[in-house]
Amino acid sequence: MSTHIAAAPGEIADTVLLPGDPLRAEWIARTYLDDVTCYSRVRNMLGFTGTYQGTRVSVQGTGMGQPSLAIYVHELLAEYGARTLVRVGSCGSMVEHVRIRDVVIGLSAATDSSMNALRFEGFHYAPTADFSLVRGCVERAEAAGTTFHVGQLFSTDSFYHDRADLSDRLRDYGVIAVEMEAAALYTIAAKFGARALSVCTVSDNLVTGEQTTADERERTFGEMVELTLGAVSA
């Protein structure tokens, strides 16, 4: 039983979806999974286990940002033996052609966080997604006719920041979207020899200023979750 999840042995599946919002975790579980049980309410960071088309799947809220996500990912891997972790959330597009409501599959993640700098003592580690998960999501997206993009994410520690020059430079080097968790997820999963991926719906475009409404975010988020569940249960 871990400090921040406190689930009993066997209550968490090998495959875990990771939304930041714990209420979104509950929505995913109640909407898409069968035979759902809640295994954790610690700090109201809800966790659920059920089945999707016969495959056992858990959904664990992580909170916002890499420090918060890192706690839950570490405990899922170290204490509960999770082997496949997929973040499902939102991102901001950093390029004009990645439009709102598109899906972004994060191949790798640049970051301004100090977490990996401290971990590797200044060595520049490259956090990278699991290729089999990338391929599975791409195949599902193609079959469903989903508009998607595969590329590098920027995992930032600052939701509000004053570095427009940094965004421009990252864009020049091929980064297509910004979010706040993937770099830590990919790094910790690699340490434990597990598979990890971040799949995001574009909620706003930082170039054009377009934004989705709350209703649009809910609807497109559901499409992304269905895509992800199909890939991990195949």
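1. Phenylalanine 120 counts as partly exposed because its relative accessibility is 28%, where partly exposed lies between buried (under 20% relative accessible area) and exposed (over 50%), with a 1.4 Å probe and protein chains only. Tyrosine 125, at 29% relative accessibility, likewise counts as partly exposed. The model is a predicted one, in which local features need pLDDT of at least 70 and side-chain atom pairs count only at pLDDT 80 or more, while totals for chains, interfaces and linings use all residues. Residues are numbered from 1 along each chain as its sequence is written, and side-chain values use heavy atoms, with hydrogens and water left out.

2. Rings of Phe, Tyr and Trp (its six-membered ring) are paired if their centres lie within 6.5 Å, and planes under 30 degrees apart count as stacked, over 60 as edge-to-face and the rest as tilted. By this rule the count comes to five aromatic pairs. Phenylalanine 120 and tyrosine 125 form a stacked pair, with 4.8 Å from centre to centre and 15 degrees between the planes. Elsewhere, ring pairs join Trp27, Tyr32 and Phe221 into a cluster.

3. Helix H4, covering residues 131–144, has 14 residues and reaches 20 Å from its first C-alpha to its last, which is close to the 20 Å expected at 1.5 Å a residue; the expected span is 1.5 Å times one less than the number of residues. Helices (H or I, at least four residues) and strands (E, at least two) are DSSP runs numbered from the N terminus. Just after H4, glycine 145 takes a positive phi of about 75 degrees.

4. The buried residues of H4 are Leu133, Val134, Gly136, Cys137, Val138 and Ala141. These buried residues pack against strands E5 (84–93), E6 (103–111), E7 (148–155) and E9 (195–205), and against helix H7 (214–233), where contact means heavy atoms within 4.5 Å.

5. The loop between strand E4 (55–60) and helix H2 (66–78) holds methionine 64, and threonine 62 is also placed in the loop between E4 and H2. Methionine 64 counts as exposed because its relative accessibility is 63%, whereas threonine 62 counts as buried because its relative accessibility is 1%. Not counting residues up to four places away in sequence, threonine 62 touches Leu18, Pro19, Gly20, Met45, Ser68, Leu69 and Tyr72.

6. Serine 167 is found in helix H5, residues 164–172, and counts as buried because its relative accessible area is 13%. Leaving out residues up to four places away in sequence, serine 167 touches Met94 and His161.
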